[in-house]
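Here are a few exercises on helix packing and charged pairs. Have a go at each one before you read its solution.

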Amino acid sequence: MAVQRYLDPAVYEIERREIFSKEWILIGFEQQIAEVGCTISETVGEVSVFVQRGKDNELRGFVNVCPHRGGPMVDGPWGCRGNLVCRYHGWAFSEDGALVSARDFGGDVPDGIGLIPIAAEVWRGMLFVNLDRNAKPLVESLGTFPTVCEPFHWESMRFHSRSTRQVACNWKIYAENFLENYHIPTTHPALARETEALKFRQRTYGDRRWNIHGAPAKEGAHMSGIFGYFWPNFSFDVFPGGFATERWFPRGHDHIELYFDYFFDDDAVDVEDMVKVSEEVADEDAHMCELIQNNFVSGM
């Protein structure tokens, strides 16, 4: 049954290896690590990773695992610590990942010990990583997506806030919910009041990995009615004078961690009203996706 693809841990293991370990995944924003020595970390396909800004201002990504005994190099979502020192035993590494010091080890350390590098690139202020060493460069991988996104000027916007949700559903249920507009009139009364919900249209521009979809906004609306998606787990919502990114990271086959990050122009108005509407929609989506997951589990 097709529904088993949402329930089977073995299917998720394939997705973890073949999707989340091979695609470019948005883990944060360049402005979060603007200073030398700052790091940002995330778990991508069950692999903990981090990116650091070096003294030469370059961004370098690594698997967040010390080669000694598997301790973490970084133990928070982002911050500025300067040196790369394992939080478990204190082994120190240079900013290019080479071992500098094995503190009080008391024996010889084999040559070539270092952190595992990963690709890290920025597109318009957004920080992506890829665990696949043979992956195409980020912009090349995005195809014509950047061209269609040119009208959106999010680089000049300031970070406003983040909300985080733990949602008990398979990651594909949330992705498919975002991609269809049929449920808006019945599931999202606030969004339906903001937009001409029955006039939603989706444009794929010849590339099935991404789309821009939306509907005309009603007069005085706090939402623009414009939404974008890029495979597998990145989307954005456009507001008057602002935007939000949505990212849903699988934490196993039946659970996701959902992030909303909000950004606005300095002169944006009605900011809190826009966030309020967006958060209501997010709560409604999360609740519905959990109910769908439960119904899939029921076997009915």
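This is a predicted model: local features need pLDDT of at least 70, side-chain atom pairs count only at pLDDT 80 or more; totals for chains, interfaces and linings use all residues.

Residues are numbered from 1 along each chain as its sequence is written, and side-chain values use heavy atoms, with hydrogens and water left out.

**Exercise 1.** Work out how helices H4 and H7 cross, and which residues meet there.

*Solution.* 
- Step 1: H4 covers residues 171-179 and H7 covers residues 271-297.
- Step 2: get the angle. The two axes come within 10 Å and cross at roughly 130°, using lines fitted to C-alpha atoms over the stretch in contact, with angles from 0 to 180 degrees between N-to-C directions.
- Step 3: classify it. H4 is therefore oblique to H7, since angles under 35 degrees count as roughly parallel, over 145 as roughly antiparallel, 65 to 115 as roughly perpendicular and the rest as oblique.
- Step 4: list the contacts (heavy atoms within 4.5 Å). From H4 come Ile173, Tyr174 and Asn177, and they meet Asp285, Cys289, Ile292, Gln293 and Phe296 of H7.

**Exercise 2.** What does the salt bridge between Glu15 and Lys172 tie together?

*Solution.* 
- Step 1: check the distance. A salt bridge needs a side-chain nitrogen of Lys or Arg within 4 Å of a carboxyl oxygen of Asp or Glu; here the closest N and O atoms are 2.8 Å apart.
- Step 2: Glu15 sits in helix H1 (residues 9-18) and Lys172 in helix H4, so the bridge joins parts 157 residues apart in sequence.
- Step 3: look at accessibility, where buried means under 20% relative accessible area, exposed over 50%, and partly exposed in between (1.4 Å probe, protein chains only). Glu15 is buried at 9%, and Lys172 is buried at 13%.

**Exercise 3.** Find where Glu280 and Lys276 sit in helix H7 relative to each other.

*Solution.* 
- Step 1: confirm the pair. Their closest N and O atoms are 2.7 Å apart, in a salt bridge.
- Step 2: count along the helix. The two are four residues apart in H7, so about one helical turn separates them.
- Step 3: check Glu280, which is partly exposed at 27% relative accessibility.
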